[in-house]
Amino acid sequence: MKRFFALAALAVALTCGSAQAQNKTIKIGVLSDMSSLYAAIGGPGSVVAAKMAVEDSGVEKKGLKVEILSADHQNKPDIGASIVRHWIDVDHVDAVADTPTSSVALAVNQVVKEKNKVFLISGAGSSDLTGKACSPNSVHWTYDTWALAHGTGKAIVESGKKTWFFLTADYAFGHALERDTAAVVKANGGKVLGTVNVPFPATDFSSFLLQAQASKAQVIGLANAGGDTINAIKQAHEFGIVKGGQSLAGLLVFVTDVHSLGLETSQGLLFTTAYYWDRNDASRNFGKRFAKQHNGAMPTMVQAGVYSSVLAYLKTVAAMGGKADDGKAVMDKMKSKPIDDPLFGKVTIRQDGRAIHDMYLVEVKKPSESKGAWDYLNIRATIPAKEAFRPLNEGGCPLVKG
Amino acid sequence: MERVVDPLTESESTLRAQSGRIAFAIMVAALIVAPFMTYPLFLMQAMCFALFACAFNLLIGYVGLLSFGHALYFGWASYLSAYSAKAWGLPPALAILTGTATAAVCGLVAGALAIRRQGIYFAMITLALAQMMYFFAVQAQFTGGEDGIQAVPRGKLFGFVNLQNEAAMYIVVLVIFLAGFLLIYRIIHSPFGEVLKAIRENETRAISLGYKTERYKLLAFVLSATLAGLAGATKAIVLQLASLTDVNWPMSGEVVLMTLVGGLGTIFGPVVGAFVILVMQYKLAPLGEWVLVIQGAIFVACVLLFRRGIIGELANRLRIREL
């Protein structure tokens, strides 16, 4: 009898113990730009995506509680870094997601590494995040500037358009985009006919566009981002550049940019993306569900990336019995085998934190081809995962041996 | 001279002198207790901004010069401090000094050019010079452009105090802040400070009394820039990063906002203003897009309802002439 009680007590203690482990709340902080430049790319939509990932992961049925926090870093690295420190130290957040603006992401990357949590990067583009600044606690899920520049450059040259002219935003970021693209254009037998450095930020592109037009290059590469890209595309439309037979290639363009420009203005624009909602059944299904919860707007690749990275993270944590405290251990587990993702297909995470998946070269449709709202893009080429991202040994990441 | 103007009686005057001291004691006590109540990193950052606002206030509140380019000194000091700590491996004390010295030199050059003009022209010259240096920061290699300088080591103060320890870092920042604050207090209450106030009230008259006002203004400008630099340099070590945010013009605007909300030309006003604005930026962060709207509304309310600022209004209610 005594023995029975002892056993019963032990059993109760064990179930309590495991129940306690199961009851731990996993907290994920979505840190994004909620109010300015990048709010449409990530922002509130990223929070929606993260919440959808929690639903779809099914971990709540397994007894794990998940809480999503969110904050606006206002594009200031010091605010971003302090919010994350506060999240981790006081609110016990286990993972940080999204975070556009490379200066903020690089700052957060440091904090997350120092505190040994997990950083699921989707919104930031800097390829340094898996290069010089790589961290064993981070995954760079969706895209990076290298992938976009390289992918667009290579796919366009292979499609037969060989002569290029660059409009380059005159600062480190613009020059890096131009350098990466020009290299791949030349390597694939293309020719760069000229470049012009445009002061950053610029509103008047007319003289630069005239130079580009006069160069008679087949492709005009826009080595800039955000408002500069939008202004350049608008003015190129006014000059009739695309109608005149030249193509515009955006090196950092999101589907929301096309949405705000309209098809009339942006038709024919070529760029690279990691996700487009109207690609297959899974992406359409996700896109439509997302749009219902987000004022009808389809998800950008950044928001899709937040969804997928949070989903993969939660599944990994659930497989580890809900232990999320050791961020590096979770990350190692995520890296250990390929992930089958509903939106990005087969994803593998490299040693340097780079998530590897297919990318797509897309062209903006003519207004006559579009069947309705958000029907914007034709997929022109699939860039296979192997070629889509910077080779492992070229990034200068200290985690990569040999 | 002060006595002739001062209508207060002797006993009230001592009370007045004490009210400053009492306020200072409250502030020091609050800053010592605060890290146990709230998050120390936030407080350190707030103290850096408070010192920045105090330095700015020295110029606008006591000389009447509206500089719209103080981000230049704050931001460049933080770049040089971060760069010297990271790339040259300087210890934190020397890194902060390097940053501060940079700000002093920038202040001397910008000040010498700007003080030749008054009013809006003065503001525009300071803004133009600051934007020039902002674009330099965007282009230059060593600032890291968009990415900024990240992962700056905090290092060891004087070779043995490990600043990775939050408590040690907090004490260092507190000492720097209080030293800067007291220096500004001393400047304001020195004969030099009296001349500055005379220039603020009536520059022509100060000239007629034989003061070389240009020199006074230049010295005040350099002092203000240097102290702003001290704040920026310290911030770079505390947050371990330097970025374009600190050198861009909205930062120059933010410091004006902090000073206005707290109380222009009051000693404690900028400190209170800096804390109010920073608390807003943090506490409202989860509200997303509402941060800027609320910040704007508070600014409008401040200008319409209590033009003297929080501390200015408080001092007026309590009939304290200086707080």
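Let's start inside chain A of this predicted model: Val364(A) is buried, because 28 other C-beta atoms lie within 10 Å, and 20 or more is what it takes to count as buried. Val364(A) sits in strand E14 of chain A, which covers residues 359-364. Who are its partners? Setting aside residues up to four places away in sequence, Val364(A) touches Val258(A), Leu263(A), Ser266(A), Gln267(A), Gly268(A), Leu269(A), Tyr376(A) and Leu377(A). Take Leu377(A) from that list: Val364(A) and Leu377(A) are 13 residues apart along the chain, and their C-alpha atoms are separated by 4.7 Å.

**The two chains**

Now zoom out. Chain A has 14 helices and 15 strands. Its radius of gyration is 23 Å, close to the 21 Å that the globule rule gives for 402 residues, so chain A is as compact as a globular protein of that length. Chain B has 14 helices and two strands. For chain B the radius of gyration is 19 Å against 20 Å from the globule rule for 323 residues; those values are close, so chain B too is as compact as a globular protein of its length.

Here are some figures for each chain.

| Property | Chain A | Chain B |
|---|---|---|
| Extent of the C-alpha atoms along the principal axes | about 95 × 50 × 35 Å | roughly 55 × 45 × 45 Å |
| Share of residues that count as buried | 56% of 402 residues | 48% of 323 residues |

**Where the chains touch**

How many residues of chain B are in contact with chain A? On the chain B side there are 25, and they meet 30 residues of chain A. Three elements of chain B each give two or more residues to that side: helix H3 (40-62), helix H6 (119-139) and helix H13 (290-305). H3(B) gives the most, with three residues. By type, the chain B side divides into twelve nonpolar, ten polar and three charged residues.

In soluble globular proteins, nonpolar side chains tend to be buried together. Here the largest nonpolar core has 240 residues, and the ones with the most contacts inside it are Val108(A), Val310(A), Leu314(A), Ala50(B), Leu51(B) and Phe52(B). Which element supplies the largest share of this core? That would be H3(B), with 18 residues. On the chain A side, the core draws at least three residues from each of domain 1 (25-143 + 280-353) and domain 2 (146-273 + 358-385).

Val108(A) is worth a click in your viewer. Leaving aside neighbours within four places in sequence, Val108(A) is in contact with Leu31(A), Gly80(A), Ala81(A), Val84(A), Val96(A), Thr99(A) and Phe119(A).

**A helix in chain B**

Last stop: helix H12 of chain B, residues 269-283. At 1.5 Å a residue, its 15 residues should span 21 Å, and the end C-alpha atoms are 21 Å apart, which agrees. Which residues of H12(B) are buried? The list runs Gly269(B), Pro270(B), Val271(B), Val272(B), Gly273(B), Ala274(B), Phe275(B), Ile277(B), Leu278(B) and Gln281(B). When you look down a helix like this, remember that an α-helix has 3.6 residues a turn, so residues three or four places apart point the same way.

Note on methods. Residues are numbered from 1 along each chain as its sequence is written. Chains are lettered from A and ligands numbered from 1 in the order in which they are written. This is a predicted model: local features need pLDDT of at least 70, side-chain atom pairs count only at pLDDT 80 or more; totals for chains, interfaces and linings use all residues. Helices (H or I, at least four residues) and strands (E, at least two) are DSSP runs, numbered from the N terminus. The expected span of a helix is 1.5 Å times one less than its number of residues. A residue is buried if 20 or more other C-beta atoms lie within 10 Å of its own, exposed if 12 or fewer, and partly exposed in between; C-beta atoms are placed from the backbone. The radius of gyration is taken over C-alpha atoms; the globule rule is 2.2 Å times the number of residues to the power 0.38. Two residues are in contact if their C-beta atoms, placed from the backbone, lie within 7 Å. Ala, Val, Leu, Ile, Met, Phe, Trp, Tyr, Cys and Pro count as nonpolar, Asp, Glu, Lys and Arg as charged, and the others, Gly among them, as polar. A nonpolar core is a set of buried Ala, Val, Leu, Ile, Met, Phe, Trp, Tyr and Cys residues joined through C-beta atoms within 7 Å. Domain bounds come from an automatic or database domain assignment.
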